[in-house]
Amino acid sequence: MKYFDRITGFFIADPSKDPLKGCTASDEDVRATIKKYILSASGWRAVFAKSLDEEDFSGEVSDADLVIASTVARTFLEYLGRPRPRILVGVDARPTGEALCDVVVRTMIALNAEVTHLFFASAPEIMAYSNAGFDGFFYISASHNPIGHNGFKFGANGGVYNKSIIDKIIPVFLDKIGSSGVVKTAMALSAQCDEDFYAEILMKHDDDKVRAFDYYRQFVLRIATAHKLFRIPFGIVAEMNGSARSASIDIPYLNKMGAKVWAVNAQPRQIAHAIVPEGENLELCRRTLEEVYQKDHSYIIGYVPDNDGDRGNFVYIRKETGKAHILHAQEVFALVLTIDIAHQVMAGDKRPAVAVNGPTSSMVDEIAAKFNVKVFRADVGEANVVTLAQKLREEEGYQVHICGEGSNGGNITHPAKVRDPMNSIMSIAKLYSIPGLYDFLLSSFGLEKTGEVSVEAIIDALPKYTTTPAFSKDAVMRIKSQDFDELKLAYESILEKEVGNYLTGGLASWEVRQIEGIVEQVGIGPEHRNHPSTGGYKVIFRDKDGGFAAYLWLSKSKTEPVMRVMVDVKGDNAALHDRLLEWQRSMVARADSMICG
């Protein structure tokens, strides 16, 4: 019997149909297929579309990938080590999610797990609900990657496992993949799934989804430290781009909080443009906000999530012109951080601090300094930032309410362990709902009170920096080298020879900072990093007075087979930014050639 999601009408699964019955993959096929996967704490990802076209909307998945999905589920349950674990399972809105989820759930049932099946769920929703007595969650998603990609995230207590845990799980998983009979094991587990028990899980799906919604709504309110009278007194354009957020709480929740909502592409898989919500992919939202504002001046912001709905970037209206503008990812995080740390300081929090990733613009340091708030940095990956924030709270006595990855936009607000555009909207709403906060912010930036609350006034007050967008073509480099110990040595040899040529135009001195996990070390050379040297690498330039002037950044992507490079420059200085970025890309390319020829 087929089961469908009552809210969206999408097919979930048919317990009577075994997806691995008649599987034609061999153990060798599985071992060859696993080579395309990227395994990290940020997610285990690959192109799952059978065509291997990363833009393929088809839901068809190869038998080898189904075997791998079953083996991932088996490894996860083995790590938990409980006789009957309670597991929360969900998918983002990618077409390949159904087939992968089906084999994962069947494997878990065969291994005596008690599964709660949410089907379409945003990452913040499933992670929040995992706090409600579950032993872990298993989420099938590739976040911001193109539609033909997919992957697996798992964790517990509201967040994905950090690097130290994932680094223990990966070798166990790869050992299973490499063992004889991996295909037979997956087929046997899928066949052993109790059809009636699977049907019972799917029959409870609608009620489980209601409970997840209720928990998630209360969780968002708690994160915002909002009282019962908290309201969102403005209109919002929600351009969902067919993401999992279109099947989450957004529209009813925002309406209940007093906001008007103009929804666009608000059905799962109603994908109108590329998934990552940056640059031109925000244009539809920008144009829509501009059009809606002409009819109703209460509409002042719009947002676009990625496919799993944790990343969300924004557009806003400038009332004097009636034109809508795109907020870059770094500006989104800076805006929310400004509001939240101002609220903390105004409320009298002791020892407030912020945890961010390495390529977050130094704009946040300048903002934090206005409130006497310390900034700490971890490597790229939300698990690293969350782990650092937790360490600062538990071991050093800091009050870290907000953390995040400015390079990706959005914020992670305690006790959440994942980005969430709902939290960003609630932070913006604080300007309107918390008495005195807006005036306190203006005075902190040395500005006069303006009377009417204005989001654009706060945006205009943010320090000006020129920063490479993390997902621009100039920020991505495809390299041949896979030996990052050698690559960084080669990069450093070029850097030391040439850096003197760039100590002009306000750049007076430099230093290197290397970040792995939650540890940042100051100094150039291999003694300041650990094998395999995949952590972030930052070259900081200072002016003659020792103040920040610019940085160069490079890191190996944990979710895609690319190297990411960035430049951050204080002020509106595109010429210096472009000069440094050209040099940075050249150094990486030449270092790669030195290693690979």
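In what order do the strands of the open sheet of four stand? The order is β16-β15-β17-β18, and the pairing is mixed. Here strands (E, at least two residues) and helices (H or I, at least four residues) are DSSP runs, numbered from the N terminus, and two strands pair if DSSP finds at least two bridges between them. The model is a predicted one, so local features need pLDDT of at least 70 and side-chain atom pairs count only at pLDDT 80 or more, while totals for chains, interfaces and linings use all residues. Residues are numbered from 1 along each chain as its sequence is written, and side-chain values use heavy atoms, with hydrogens and water left out.

Strand β17 (residues 399-404) pairs with β18 in the antiparallel sense over two bridges, and Ile402 stands opposite Thr413 in β18. Helix α11 (residues 329-346) lies across β15 (352-357), β17 and β18, and runs at about 175° to β17. For such angles, axes are lines fitted to C-alpha atoms, for helices over the stretch in contact, and the values run from 0 to 180 degrees between N-to-C directions. Contact, in turn, means heavy atoms within 4.5 Å.

A second open sheet has five strands in the order β11-β10-β12-β13-β14, again with mixed pairing. Its edges are β11 (260-264) and β14 (323-326), each with a single partner strand, so one side of each is left without a neighbour in the sheet. On average, neighbouring strands of this sheet are turned by 25° against each other, direction ignored. Strands β12 (residues 299-305) and β13 (residues 312-318) run antiparallel and are joined by five bridges, with Val304 standing opposite Asn313 in β13.

Helix α14 lies across β10, β12 and β13, running at about 165° to β12. With its 13 residues, α14 reaches 18 Å from its first C-alpha to its last, close to the 18 Å expected at 1.5 Å a residue (the expected span is 1.5 Å times one less than the number of residues). How many of the 13 residues of α14 are buried? Twelve are, so the helix is largely enclosed by the rest of the structure. Buried means under 20% relative accessible area, exposed means over 50%, and partly exposed is in between (1.4 Å probe, protein chains only). Among the buried residues of α14 are Pro421, Met422, Ile425 and Lys430.

At the start of α14, a side-chain oxygen of Asp420 comes to within 2.9 Å of the backbone nitrogen of Met422. That is a polar contact, meaning a pair of N or O atoms within 3.5 Å; within protein, one must be able to donate a hydrogen and the other to accept it, and residues adjacent in sequence count only if both atoms are side-chain atoms.

Asp420 has another partner too: it forms a salt bridge with Arg245, the closest N and O atoms being 3.3 Å apart. This pair links distant parts of the chain, 175 residues apart: Asp420 is in the loop between β18 (412-413) and α14 (421-433), and Arg245 is in the loop between β10 (235-239) and α9 (250-256). Asp420 is buried at 3% relative accessible area, and Arg245 is buried at 0%. A salt bridge here is a side-chain nitrogen of Lys or Arg within 4 Å of a carboxyl oxygen of Asp or Glu, and by this rule the count comes to 42.

Arg377 and Asp365 make a salt bridge as well, at 3.1 Å from N to O. Arg377 lies in strand β16 (residues 374-378) and Asp365 in helix α12 (residues 363-370), so the bridge ties together parts that are twelve residues apart in sequence. Arg377 is buried at 10% relative accessibility, whereas Asp365 is partly exposed at 29%. A salt bridge within a helix is found between Asp167 and Lys163, at 2.7 Å between the closest N and O atoms; the two are four residues apart in α5 (residues 163-178), or about one helical turn. Asp167 is partly exposed at 38%, and Lys163 is partly exposed at 39%. There is also a network of salt bridges linking Lys153, Asp308, Asp310, Glu405 and Arg419.
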